[in-house]
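Here is a brief report on one protein chain.

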Amino acid sequence: CVSLVLKLLVVTVATKETDGFKRFFRSAKHLNYTVLGEGEKWKSGDYMSAPGGGQKVRLLKAALEEMTDGDKIILFIDSYDVVFASGPKELLKKFQQARHKVVFSSESLIWPDRHLEDKHPHVVEGNRFLGSGGFIGYLPNIKEMVSDWTGEDNDSDQLFFTKIYIDPVKRKSTNITLDSKCRLFQNLHGALDEVVLKFEDGRVRARNVLYDTLPVVIHGNGPTKLQINYLGNYIPNTWTFEMGCTVCHKDLHPLASEYPLVAIGIFIQQPTPFVGVFFERLLKLQYPKHRLKLFISNQEAHHEGQISSFLKDHGSLYQEVKLVGPEEEMDPPASRNLGVDMCRKDKHCDYFFLLDIDVVLENENTLQILIQQNLPIVAPMITRVGRLWSNFWGALSADGYYARSEDYVDIVQGRRVGVWNVPYVSSVFLVKASLLRAELSDYELFTSTLLDPDMAYCHNVRSKEVFMYVTNMQTFGRILSTENYQMSHLHNDLWQIFENPVDWQKRYIHENYTLIMKDKLIETPCPDVYWFPIFSDVACDHIVEEMEHFGRWSGGNTTDARIQGGYENVPTIDIHMNQINFEKEWQKFLLEYIAPITEKMYPGYYTKAQFELAFVVRYKPDEQPSLRPHHDASTFTINVALNQVGRDYQGGGCRFLRYDCSVDAPRKGWTLLHPGRLTHYHEGLPTTAGVRYIAVSFVDP
């Protein structure tokens with residue numbers, strides 16, 4: 001068998017080093033095949049379906065004329081849509097078992113001339129029709145078979161070989177048979193339901209479940225390009241359960257001292273939460289800013305202030321900034337086309353990095369990681385919190401929309417980690433600029449009358465035989481929900497606790513909150529009074545600014561129409577949460593962040609965080625400096641300091657009379673938690689200068 005392996009030569013016609021050819025060659029090299037490739041400009045029609053393989057026959061005939069070894073075995077296969085699943089030994093063993101001098105791949109569908117169906121020999125079991133995309137045979141027999149070729153380059157090789165096969169004399173003379181049960185060759189067209197992945201002992205094979213065979217050569221012929229891409233993510237040993245991804249660390253692009261020039265296209269099409277945070281993250285991206293150009297397309301007037309503020313403070317750090325504003329009235333396809341073209345036309349631009357505003361890119365090394373992958377188009381996988389939604393599709397439906405691939409959930413949930421060839425990416429991805437100047441040189445990349453911009457783009461990429469990848473080798477971030485984003489407030493992000501809870505927490509909850517239990521950060525300044533960090537500085541500032549923006553402070557009178565009964569025994573100058581439509585969000589905050597601490601500190605008490613009164617109080621020396629001793633109408637109360645003693649005001653604090661115990665220097669963002677009735681009679685100490693703000697809740701009245 002070893003000597004036979006030395007006699008085997010793989011012949012393929014590759015006129016262009018496509019991504020598919022590189023994959024074919026990798027699988028051949030991995031399994032130790034010897035490949036002869038002939039290069040000539042490709043003249044056939046549409047690679048998806050049209051005939052035009054005559055050129056392949058002409059080139060094969062020319063290549064064989066140079067060869068004389070009668071024992072040589074030729075494997076002639078397509079390459080752009082082919083992967084090897086096993087090595088030469090198995091291929092040759094199965095070839096010998098076929099007991100014919102030439103074995104063609106088989107198909108269940110007849111093409112291109114259906115009128116020839118009756119002339120095909122019947123088979124006992126298996127496919128009856130010849131497939132020209134793959135055959136194996138002895139050199140003299142194949143020479144004889146192609147010797148009659150006199151056709152044009154755009155003639156059909158399939159028809160040529162079919163006519164030889166259905167001619168009984170020629171079939172016998174050349175000694176041809178078909179691999180009817182797909183022991184050597186698996187053509188996917190017409191057989192998608194028959195082929196599954198088989199994982200076994202650190203290897204991955206394609207298994208034909210109809211004939212229970214393990215084909216050696218897998219061919220995504222006709223309209224099955226996406227299926228061969230899917231299988232190629234695993235076969236021959238690209239990804240296994242034992243080893244994970246075996247190729248993800250190969251052919252990487254090292255980032256040397258001179259970083260590639262990247263144009264980042266930022267696209268804002270609708271009102272979006274946390275835009276300020278987006279630009280803070282952009283600043284933290286670990287990449288030399290003088291090697292970055294920014295193209296910002298903003299079609300939402302609401303965000304103009306945040307963008308101009310970012311550019312005023314940091315725009316000069318970047319090599320160049322181009323801003324397209326709402327006044328241009330540019331639709332999503334047009335703005336994307338323009339951004340991509342900025343990089344395409346700039347001969348110094350090496351990559352275009354598309355980044356939608358609703359992408360939360362938490363991994364500061366994302367750009368470096370994607371460049372190092374050295375792929376034509378690669379997206380970092382991002383997901384939506386708590387859902388299976390992501391920025392890639394594992395498969396397409398027949399009409400080109402989303403379909404769930406078998407491995408989609410495993411990839412999204414991180415059970416399979418690697419770099420995956422997929423048919424669709426969106427929201428954030430990196431494209432090599434060389435691609436934009438060659439295969440993707442069409443300006444209208446994102447334009448379609450039927451498809452949305454990202455679907456149009458991916459359709460155009462696929463039609464050029466360019467591969468798109470998504471990587472989940474690291475955690476990169478998530479995508480925001482833009483549903484129900486209200487713009488009626490000063491700081492609209494405060495209302496995002498339901499739609500985007502993770503981002504709300506990162507923005508508004510104190511960075512040490514999660515350490516409270518572990519690191520025992522809860523202090524006890526007075527008996528049964530607990531003091532701990534709850535709000536970030538930003539949360540405190542936003543709540544204060546929101547209240548001042550609303551502006552309708554109460555008069556501090558005992559008559560108060562806002563409360564049940566209309567009478568307040570111990571009035572303060574305040575604004576209630578429900579006056580700014582924040583009561584639902586406030587209760588969610590109490591449930592998520594205050595209730596767990598309450599239940600920990602007061603064992604056996606469980607709260608649903610019900611409240612009638614939640615409000616922000618303002619203390620000023622010339623308005624209301626202090627508050628007389630009182631009980632709260634609550635089971636427990638929280639009292640959050642919203643600004644900083646010493647810097648924003650002097651004095652202030654809270655004194656518990658029963659214990660003669662005071663908290664004199666409230667820390668910004670920290671809350672006091674204490675019982676409301678009976679034991680904790682307390683007063684607000686005088687504010688002597690400046691303005692002091694606190695947020696108060698009477699919980700479980």
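## Fold and aromatic pairs

The protein chain has 18 helices and 40 strands, counted as DSSP runs (helices H or I, at least four residues; strands E, at least two) numbered from the N terminus. The model is predicted: local features need pLDDT of at least 70, side-chain atom pairs count only at pLDDT 80 or more, and totals for chains, interfaces and linings use all residues. Residues are numbered from 1 along each chain as its sequence is written, and side-chain values use heavy atoms, with hydrogens and water left out.

Overall values for the protein chain:

| Property | Value |
|---|---|
| C-alpha box along the principal axes | roughly 110 × 55 × 50 Å |
| Residues that count as buried (under 20% relative accessible area, 1.4 Å probe, protein chains only) | 56% of 701 residues |
| Accessible surface (Shrake-Rupley method, 1.4 Å probe) | about 30800 Å² |

Carbon and sulfur atoms hold 49% of that surface.

Now the contacts, meaning heavy atoms within 4.5 Å. Among those between residues at least 6 apart in sequence, 78% join residues at least 24 apart.

How many aromatic pairs does the whole structure hold? A search finds 46. Rings of Phe, Tyr and Trp (its six-membered ring) pair if their centres lie within 6.5 Å; planes over 60 degrees apart count as edge-to-face. Tyrosine 259 and tyrosine 287 form an edge-to-face pair, 5.1 Å centre to centre with 90 degrees between the planes. This pair links distant parts of the chain, 28 residues apart. Tyrosine 259 lies in the loop between strand S13 (244-245) and strand S14 (262-268). Tyrosine 287 lies in the loop between helix H9 (275-284) and strand S15 (292-298). Both tyrosine 259 and tyrosine 287 are buried.

Ring pairs also link a cluster, including Trp495, Trp504, Tyr508 and Tyr513.

Methods
Buried means under 20% relative accessible area, exposed over 50%, partly exposed in between (1.4 Å probe, protein chains only). Rings of Phe, Tyr and Trp (its six-membered ring) pair if their centres lie within 6.5 Å; planes under 30 degrees apart count as stacked, over 60 as edge-to-face and the rest as tilted.
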